[in-house]
Amino acid sequence: MKNTILTFAEAKRNGTKLAMLTAYDYTMAKLMDASGVNGILVGDSVGMVSLGYRDTLPVTMDDMVHHTKAVAKDVGNALLVADMPFMSYQTSVRDAIYNAGRLIKEGNAHAVKLEGGRETCPQIRAIVDAYVPVMGHVGMTPQAVNMFGGFKIQGREEASARKIMEDAKAVEDAGAFAVVLECIPAQLAEIITRSLSIPTIGIGAGKSCDGQILVYADMLGMFEELTPKFAKVYADIGGQIRKAFAEYVNEVRRGEFPSPDHAFTLPDDIVKKF
Ligand code: KIV
């Protein structure tokens, strides 16, 4: 089934849960798309997972276009959302429209995601007015990591919980078709989800959200630098990869690989001529 922003709206109306994952390259996105996932996010988490940065702040527009293009090559079912990286939209409404346009025109994304509440609503409104669907992102917004003093749960005190609620409502009013709620208490996410008419997509926000998203490398046990409590490991692919690499190295050293099964041969009569 081809997922669009209408699928997301319908899921909210029907109470059907939405499943999203992140991807950063062609091979992973193709496997993911075939799983029936509703949406694939080319997250700026690419900076940590694929580019080795400590946080998402160094990620550039060129990085995002490059990875979005690769993911978009064979995604036929999922809605493809691309993240707007740090300082690609905070600087001005004009920059926001221009950079959102690049992710659609050059990256072939269907929608963009940007972080922030009330402060980014002028950008959300302007991007939507330029016919680009926007997914919002509130709560623990990784681009504000230095303001939060680390990747820490948000909304545990009454004032910050109220602020996150107001931010989510502001993002909806600005025209976003969905909003990510990251790393907030489950009860707060439930209240926000009940009060919005657009779907909430949770990550570390409990089960009451309208949908969920996970970073693929977390759920496959491939990213060891940061192992958040909310990231359930569905398969230890990281462990299997390490085992396969070590086995390959050992077989090469022992002269066991390649075996005749993995080699090409010349007919004997030709060999004899040399
Ligand atoms: O960049 C990302 O992967 C994200 C998700 C965690 C929602 O923004």
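Me: Which residues in H4 meet Asn 99, Arg 102 and Leu 103 in H5?
Reply: In this predicted model, the contact between the two helices can be read from both sides, and H5 contributes Asn 99, Arg 102 and Leu 103. Taken by class, the residues of this contact divide into 4 nonpolar, 2 polar and 2 charged. On the H4 side, the residues that meet those of H5 are Met 61, Asp 62, Met 64, Val 65 and Thr 68.

Me: What is the handedness of the crossing in which H5 passes H6?
Reply: H5 and helix H6, the latter made of residues 121–129, pack at an angle of about 45 degrees with their axes 9 Å apart. That angle makes H5 oblique to H6. As H5 passes H6, the crossing is right-handed.

Me: How many nonpolar residues does the contact of H5 with H6 have?
Reply: From H5 come Val 93, Ala 96, Ile 97 and Ala 100, which meet Pro 122, Gln 123, Ala 126 and Ile 127 in H6. Sorted by class, this contact has no charged residues and 1 polar residue, and the number of nonpolar residues is 7.

Me: Does Lys 12 count as buried or exposed?
Reply: Lys 12 has its place in helix H1, which runs over residues 5–14. Leaving aside residues up to four places away in sequence, Lys 12 touches Thr 193, Leu 196, Ser 197, Ile 198, Pro 199 and Asp 210. Since the relative accessibility of Lys 12 is 16%, and under 20% is the range for this class, Lys 12 counts as buried.

Me: Which residue has the backbone oxygen that the side chain of Lys 12 reaches at 2.8 Å?
Reply: Among the residues that Lys 12 touches are Leu 196, Pro 199 and Thr 193. The backbone oxygen reached by the Lys 12 side chain, at 2.8 Å, belongs to Thr 193.

Me: What share of the residues of the protein count as buried?
Reply: The secondary structure of the protein comes to 12 helices and 8 strands, and its C-alpha trace spans about 80 × 35 × 35 Å along the principal axes. Of the 274 residues of the protein, the share that count as buried is 49%.

Key:
Residues numbered from 1 in each chain as written. Predicted model: local features only at pLDDT ≥ 70, side-chain atom pairs only at ≥ 80, totals over all residues. Heavy atoms only, no water. Contact = heavy atoms within 4.5 Å. Helix = DSSP H or I, 4+ residues; strand = E, 2+ residues; numbered from the N terminus. Nonpolar A, V, L, I, M, F, W, Y, C, P; charged D, E, K, R; others polar. Buried < 20%, exposed > 50% of the residue type's maximum accessible area, 1.4 Å probe, protein only. Polar contact = N/O pair within 3.5 Å; in protein donor to acceptor, adjacent residues only side chain to side chain. Axes fitted to C-alpha atoms, helices over the stretch in contact; angles between N-to-C directions. Parallel < 35°, antiparallel > 145°, perpendicular 65-115°, else oblique. Left-handed = near helix turned anticlockwise from the far one by under 90°.
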